Amino acid sequence: MPTVYGNSARPPRGDYSRDGAVLADYTCPQNYAAYTAADHETYRALYERQSRLLPGLACDEFIAALPSLGASTQIPRFDDINERLMKATGWQVVAVPGLIPEVPFFTLLANRQFPVTDWIRKPEEFDYIVEPDVFHDLFGHVPLLFNPVFADHMQAYGAGGLKAHGLGACEQLARLYWYTIEFGLIQQKNGSSSELRAYGAGILSSSGELVHAVKSAEPKRIALDLLRCMRTRYNIDSYQQTYFVIDSFQQLFDMTAPDFTPLYAQLKGLGELESDVLQSQDFIIQS
Ligand code: PHE
Ligand code: FE
């Protein structure tokens, strides 16, 4: 989630100067020489724990694309990923020093460039980190950029973000990002039956939330509805209390393709919803 949505009292922790190496679009060279042996070991251990958890919990498209990240025993070089990613979907990952503001973030996505934080968490943050680091951004977000439909959706989201910015609707659109790209669930079709799986990066890069989101009886799971989703507040510091479920990436793409201008106008007259309260029109999905 490399953008500054929501309110935070903490300044982002990246170094945004790096002696002039950060460009006007907030991208910078991946500082590969700065990684220590301990940094690579953190990545290796996170990757190993997380990849082991995926079967039956992550969507098939994610599991199929994960090996395309390359190295799993050290932090990959972004240039190496880009050789494969460019061929697959025309996307590229670009290094950034940390969270970046909305407009540069949307601009990169609209140009099929995904900003990836290049530094990695400290060992004491192994299980939980507030800000996205290279493990969350790469492992969580980049595999699905190898999927053509999801890749096109991300670009459309970026263009839609620039439009939302002009309409003063970034907060509403950010909720959609949160509940889909970060914390989305999908009904994976399996012959005539279907099974709930995760596709959101915030879930897929978290060992605790992956099981909670897909299997726990605690959270609410409802079919994605754009207005409902964009009215719903979210917590950034606990597991989600409600997840929104899609049928397929094509459904997500098609549902979000129309012009959101009238939706934003409608949302202005509707109140916000709390993330733990069901509404009478919610379509509940059983796990
Ligand atoms: N179609 C939306 C609009 O016109 C943009 C969008 C695309 C939003 C994809 C989310 C995801 O504003
Ligand atoms: Fe993220």
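The model is predicted, and local features were considered only at pLDDT of at least 70 and side-chain atom pairs only at pLDDT 80 or more, whereas totals for chains, interfaces and linings use all residues. Residues are numbered from 1 along each chain as its sequence is written, chains are lettered from A and ligands numbered from 1 in the order in which they are written, and side-chain values use heavy atoms, with hydrogens and water left out.

Secondary structure was assigned as DSSP runs, with helices (H or I) of at least four residues and strands (E) of at least two, numbered from the N terminus. Strand β1 (residues 92–96) pairs with β2 in the parallel sense over five bridges, pairing being defined by at least two DSSP bridges between two strands. Within this pair, V94 stands opposite P115 of β2. Strand β2 (residues 113–117) is largely enclosed by the rest of the structure, because four of its five residues are buried. Buried denotes under 20% relative accessible area, exposed over 50%, and partly exposed in between (1.4 Å probe, protein chains only).

Helix α5 (residues 134–141) is mostly covered, eight of its eight residues being buried. Among the elements that cover these residues are α1 (37–53), α3 (78–89), β2 and α7 (170–182), where contact means heavy atoms within 4.5 Å.

Helix α1 also contains H40. This residue is buried, with a relative accessible area of 17%. The contacts of H40, leaving aside residues up to four places away in sequence, are Y32, Y35, T73, Q74 and I75. A polar side-chain atom of H40 lies 3.0 Å from the backbone nitrogen of I75.

Residues around ligand 1 (a heavy atom within 4 Å) include H153, Y157, K163, L173, T256, P258 and F260. A polar side-chain atom of K163 lies 2.5 Å from an oxygen atom of the ligand. Backbone N or O atoms also approach nitrogen atoms of ligand 1, at 2.6 Å for T256 and at 2.7 Å for P258. The protein covers 94% of the 330 Å² of accessible area that ligand 1 has on its own, as computed by the Shrake-Rupley method with a 1.4 Å probe.

How values were computed. Polar contact = N/O pair within 3.5 Å; in protein donor to acceptor, adjacent residues only side chain to side chain.
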